[in-house]
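User: I'd like to learn how to read salt bridges and nonpolar cores. Can you walk me through them?
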Amino acid sequence: MVQNLIVNRPGVFIASYSGLALLLSGLTIVIRGSEYLLYLLIWPIIMSAALALWRMYLILVGIGVAVTTITLPLVVPNLNESAMTASTAALAAVLFCESIYRLMDRQRAMARALRESEERFRCTFERAPAPMAVTDVQGRLKWFNQRLCDALGYKRDELNQQMMSRFAYSDDQNLRLHPALLASPDGEAAIEKRYVAKDGRVIPMLVRGTLLHNAAGKPHEVLVIFFDLTAQREAEAQRLALERQMLEVQRLESLGILAGGVAHNFNNLLASILGNTNLALLDTPPHSPARPCLEQVESDVQRATELTRQMLAYTGRGQVMRETIDVNAALNAMTPLLRAVIPSAISIDYQCEQESLKVCFDRVQLRQIIVALVNNAAESIGDQPGQIVITTAERTFDAANLPSSAIGTEMREGRYAIIDVRDTGCGIDRQTMERMFEPFFTTKPGRRGLGLAATLGIVRSHGGAIQVESAPRQGSVFRVFIPVETPIPETPSSSPSLPRLEAAQPEVRQSQGIVLVIDDERSVRSMAARMVERLGFETLQASDGEDGVALFNAHADSIACVLLDVSMPAMDGAQALQIMRAIRPDAPIVLMSGYAGEELAARFGQLQPSGFLYKPFDTAELKACLDAALKQ
């Protein structure tokens, strides 16, 4: 109490000790025989105050000495001895006061430094960007900043003197920071722990603590800093979702490459089977017992051809004939078909946000994806009563709100037509959702197909994407995004120079010229040559692009047309076509391929081939293609 008074009111202290100096002067007059003893007593004080600076209180002491000097002659008979004694006592008082003042000043400086340090700590503590607290070694809150209150949603009086473990998530109650700190050699430790806010939010936090020691060197408090990991966890979840999406895209692309390669090679086999069967039918009398067998083979090949078309649709390489289509009108026109493919216990409803929703799409393939999604929804519902809701809408997306977890073509900013097919079925678990777009994958016993896989391929080939939302026993939503700005391209199927005519019974010609057949598949090359000869042409055959160019160069003037396979080793169809056009610019050249659609038009459109012949083909299709090429 006295110490605080001295530090806070030094003027009172100086006045008190000035009066004490006068009192000491008077006492020394009474005991004037003790001057030498007094010198000995004040010597340590003189040494401690040897560097005394000028102090304001010395004025007061000087006044006291002056008063004493004036009054001494009146009361003391021996003036010389009394004056020397009074002077010595005054000097002793001055030096004693100076020493006390220095102690007081040092104490005041220490108190000021302590206040400044506390203020700096308080400002740092309160203004820290992270929640901070000081607890005892058991984890009870002693001091904490407003950030901790804001993070947990409690007021200060609700947190004061509370155990931090009280606010921990139930599964993390056993995670304790303080035992880890006591066991740490450097007195620092960190743990990850979840806390529950007042509003019920679960907040993941990194809790980092440092032991604080008292003067005896024993730990008595802990400085704790809390780092909110919510944003980091969300960013990590987004990164993992993006990685899963990229892996899914890569997996589907790999499957697409595999399916495309299988479909291409399978088409070559089908081309040989269908061509030879067609030739055999042309030579088989109507009443021959072998004719029904050959017709069955031809029918089965046509079914296999449809399967390869679905595989090519999955890879995005199917034949496409785009046109401007009103999705709502197409749905209304499909109502009888959709009612036929779903059980009567399941209702189907349309919810169209606008009267007209136009997209650039292949009409047949649009019907195919809607039927596939509705059929998938009906199978999910099963024999129980249920509901399928088809919703159409148009949305504009910018970079900030592009749909997440959509697979297919990478979505970009712009306007999209959206087709939602929502059902009340059994839903889809995570394992099934990861594989449902794989070719031939199905959860239906005894069933195999390409419904969803082909749907994804069709949407991808039109620059769109598919998003799936589902959970077990909660139904499913298949959401198709189709860009609406895509212009209608010129496709091989819609161009007069790239015909695709219906099969008709061919008329046999005689001596129509030479047709050069270039294909690396011997069976396809041989079959195509026999078909051409059946149509009245002579043939030359080459097994690759280099041999084909050499034969064309040798017979350039007499060759009427070239049937050129697109995919060949060494020199492919594009390179061979360019060389042959350089030799003879007006030569009719028809490209043959197991692929179809816009991919071929994009790759070879600038080369201006005379036509496309899609494998497998029969004699009638070959005849129609040759007629169109020769007319050019």
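Analyst: Let's start inside one helix. Arg239 and Glu236 sit 3 residues apart in helix H9, so about one helical turn separates them. Helices (H or I, at least four residues) and strands (E, at least two) are DSSP runs, numbered from the N terminus. This is a predicted model: local features need pLDDT of at least 70, side-chain atom pairs count only at pLDDT 80 or more, and totals for chains, interfaces and linings use all residues. Residues are numbered from 1 along each chain as its sequence is written, and side-chain values use heavy atoms, with hydrogens and water left out.

User: What do the side chains of Arg239 and Glu236 meet in?

Analyst: A salt bridge is a side-chain nitrogen of Lys or Arg within 4 Å of a carboxyl oxygen of Asp or Glu. Arg239 and Glu236 form one at 2.3 Å, N to O.

User: Which parts does the pair Glu192 and Arg233 tie together?

Analyst: Their side chains meet in a salt bridge at 2.5 Å, N to O. Glu192 is in strand S3 (residues 188-196) and Arg233 in helix H9 (residues 230-282), so the bridge ties parts 41 residues apart in sequence.

User: Which residues touch the most other members of the largest nonpolar core?

Analyst: A nonpolar core is a set of buried Ala, Val, Leu, Ile, Met, Phe, Trp, Tyr and Cys residues joined through side-chain atoms within 4.5 Å. Buried means under 20% relative accessible area, exposed over 50%, partly exposed in between (1.4 Å probe, protein chains only). Here, Ile388, Ile390 and Phe437 touch the most other members among the 39 residues. Helix H12 (residues 363-381) gives the most to this core, 8 residues.
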